[in-house]
Amino acid sequence: MSQAYASVGWNRQKKLYDLVMLASVSVYLALFVGIGAIVHPNATVETLLIRGFGTGALLMLHVILSIGPLCRLAPRLLPLLYNRRHFGVAMFLMALAHGAFSLVQFHALGDLNPLVSVLVSNTRYDSLSNFPFQPLGLIALLILFLMAATSHDFWLANLTAPVWKRLHMLVYVAYGLIVAHVVLGVLQAETNRLLVMILGTGMVVVLGLHLIAGWRERKLDGTADLPISANGFVDVCGVEDIEANCAKVVTLTGERVAVFKYDGKVSALSNVCQHQNGPLGEGRIIDGCVTCPWHGYQYLPDSGASPPPFAEKVPTFNVKVVNGRVLIDPKPNAPGTRIEPAKI
Amino acid sequence: MPNNHEFYVGYLPKAPSGIAALAKRSVIGLVLLTMAVALVLVFGQQRFAVSFFEFGKVQEFQGVVREWPIPLLISGSTGMALVAEGKHGASSLVAGLEGHSVKLSGTLIHRDGSEMIEVIEGSVQFLGKADREVSTIEDLGTHSLAGEIVDSKCYLGVMNPGHTKPHRECASLCIRGGIPPMFVVRDKSNRRVNLWLLSEKGEPVNQQVLDFVSEPLEITGQVSRISDQLYFRAAPATYKRLP
């Protein structure tokens, strides 16, 4: 949680995560370059490195993009999400190595500035098969740089979660550009259909997981927008419908509200964690606090405020329990406003 | 059976046992997938050409300079194209030495029997006027040939692969810098034949071909041979792009 900033708030899980990730990246590069040098003795080391870094970064991007929807579909995979930002930064560094080696190999020692050369050396914008693929990679790399540079919680807090989230949604633009970079670049020269099939499978997995997860979320929102009664409150569920120390997520006037039951009381607060917009309603009450399933950010259930000294706050909702039914006023209170919990 | 009441909090020292076991299995699966993808990509790549850039192995060469239109060093009946370091041609290194014997230092580049020397700047030593005429031209007639324009330096070995679409930007930059463009075609036996590409008047054509490199083309022009080098003279305006 973000009371003060350290470069990385290390803990055991993060160290384990990074260790496994870096070991996997090393194994990939060792296999690609090492076995590549044996299988293709005429290939130069630069070519193998360029291809190894590039394919490695693309593989990592597929895994990174799949983790989000996978965790929506199977929350028990959340350990994969916990330190995904380090995964993203590592992927950017792989892509940067690919770009840097390519820039030196293909554009250095000429009559033009290498970056200018990337943009002007192929002018066939009028042809699909000859379309300049390198500027696409360069733009994608710039987006990935922007994301890696703002990946720290400092930027998340200062840009605010919605802006930060929108900025980081650019990863999908980068993904599209990278796929185009590969399809219009190396796949124009390689003849093995297996390579096309691998990329196609990756795209189907990423797109399919997003569509399935999105469809499920949409179904949840579409059926759960409950009618408002005459007194302004909405009957959202029975008390027994909520598991102890857990929440039921309901949609009121288009917004998701997490209704928590704990210690014989019910409180309602926004479902959106202030950290990275994680689903608070899928969290638990731990040590008396609502705990976000994504990164463990905590909020007091009655006020929606993080326990001191932390400063995060989410909106709360007026709540009543009448005849075993939970009633919520859909009008949110200002973030951090304490609302007396409804006693069961 | 999974315990659905387990809840993972990343900053706590230990993950719940069921979630930890699933994470472990997932990670092992991902690592195996990573290794499999690496191997498929390694074996799925096209074979690399048998071409060589003897980087770090500087040799001395001796012969007669042919300065125009493609800088060559003629040694016996063999011609070796000359280029400078980086993405630059060697015209300035051999300027004024047409028909003269020289000694120079450089690095050998070779592929499919074609040889090229990357000349070290300042290494060209004038030895004297050559005794005999080195420019005997053999006219091989007009031909329509399908092939690809490459930058000869990368194609002959400095890069591998040094042709086709992924190499287009580099080829364009090399040719812009004076590396002679080469038209690579296949003969009836499907063997690659390399021809130096020139204008219809037999002049260097570098700046006019930049928009055509690394694309399948059909070019109609005059083929000729000087020593063991083939030349292809054609007007760039008549190049036809092939689908």
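Predicted model: local features only at pLDDT ≥ 70, side-chain atom pairs only at ≥ 80, totals over all residues.

Reader: Start with chain A. How many helices and strands are there in chain A?

Author: Chain A has 10 helices and 11 strands. Its C-alpha trace spans about 80 × 40 × 35 Å along the principal axes.

Reader: And what share of the residues of chain A count as buried?

Author: 51% of the 344 residues.

Reader: What about contacts in chain A between residues at least 6 apart in sequence: what share join residues at least 24 apart?

Author: That share is 56%.

Reader: Helices next. At what angle do H1(A) and H4(A) cross?

Author: Roughly 25°, with the axes coming within 10 Å. H1(A) covers residues 12-39 and H4(A) covers residues 84-107. Angles under 35 degrees count as roughly parallel, so H1(A) is roughly parallel to H4(A).

Reader: Left-handed or right-handed crossing of H1(A) and H4(A)?

Author: Right-handed.

Reader: Which residues make that contact?

Author: From H1(A), Tyr17(A), Asp18(A), Met21(A), Val25(A) and Leu29(A). From H4(A), Arg84(A), His86(A), Phe87(A), Ala90(A) and Met94(A). By class, the H1(A) and H4(A) contact holds 7 nonpolar, 1 polar and 2 charged residues.

Reader: H4(A) also packs with H6(A). What's the angle there?

Author: About 145°, with the axes of H4(A) and H6(A) 10 Å apart. The crossing of H4(A) past H6(A) is left-handed.

Reader: Which residues of H4(A) and H6(A) are in contact?

Author: On H4(A), Val89(A), Met91(A), Phe92(A), Ala95(A), Leu96(A), Phe106(A) and His107(A). On H6(A), Gln134(A), Leu141(A), Leu144(A), Phe145(A) and Ala148(A).

Reader: Now across chains. How far apart are the axes of H1(A) and H1(B)?

Author: 9 Å, at an angle of about 20°. Under 35 degrees counts as roughly parallel, so H1(A) is roughly parallel to H1(B). Helix H1 of chain B runs over residues 17-44. The crossing of H1(A) and H1(B) is right-handed.

Reader: Which residues meet there?

Author: H1(A) brings Val20(A), Ser24(A), Val27(A), Tyr28(A), Leu31(A), Phe32(A), Ile35(A), Gly36(A) and Val39(A). H1(B) brings Val27(B), Val31(B), Thr34(B), Met35(B), Ala38(B), Leu39(B), Leu41(B), Val42(B) and Phe43(B).

Reader: Switching topic. How many disulfides over all chains?

Author: The count is 0. Take Cys237(A): the nearest cysteine sulfur is that of Cys246(A), 13 Å away. Cys273(A) is in no disulfide either, and the sulfur of Cys292(A) is its nearest at 4.0 Å.

Reader: Is Cys273(A) buried or exposed? And is Cys237(A) buried or exposed?

Author: Cys273(A) is buried, at 1% relative accessible area. Cys237(A) is buried too, at 3%.

Reader: Where does Ser151(A) lie?

Author: In the loop between helix H6 (134-149) and helix H7 (153-159) of chain A. Ser151(A) is at 13% relative accessibility, and under 20% is the cut-off, so it counts as buried. Leaving aside neighbours within four places in sequence, Ser151(A) contacts Arg85(A), Val89(A), Trp164(A) and His168(A).

Reader: Chain B backbone now. Is the peptide bond from Trp68(B) to Pro69(B) cis or trans?

Author: Cis, with omega near 0°. Pro69(B) is in the loop between strand E1 (51-66) and strand E2 (72-75) of chain B. The bond from Asn160(B) to Pro161(B) is also cis, with omega near 5°. Pro161(B) sits in the loop between helix H2 (152-158) and helix H3 (168-176) of chain B.

Reader: What is the phi of Asn190(B)?

Author: Near 65°, which is positive in a residue other than glycine. Asn190(B) lies in the loop between strand E8 (181-186) and strand E9 (192-198) of chain B.

Reader: And the phi of Ser214(B)?

Author: About 60°, positive, and Ser214(B) is not a glycine. Ser214(B) lies in the loop between E9 and strand E10 (216-226) of chain B. Its relative accessibility is 6%, so Ser214(B) counts as buried.

Definitions and conventions
Residues numbered from 1 in each chain as written. Chains lettered and ligands numbered in written order. Heavy atoms only, no water. Disulfide = S-S within 2.5 Å. Buried < 20%, exposed > 50% of the residue type's maximum accessible area, 1.4 Å probe, protein only. Axes fitted to C-alpha atoms, helices over the stretch in contact; angles between N-to-C directions. Helix = DSSP H or I, 4+ residues; strand = E, 2+ residues; numbered from the N terminus. Parallel < 35°, antiparallel > 145°, perpendicular 65-115°, else oblique. Left-handed = near helix turned anticlockwise from the far one by under 90°. Contact = heavy atoms within 4.5 Å. Nonpolar A, V, L, I, M, F, W, Y, C, P; charged D, E, K, R; others polar.
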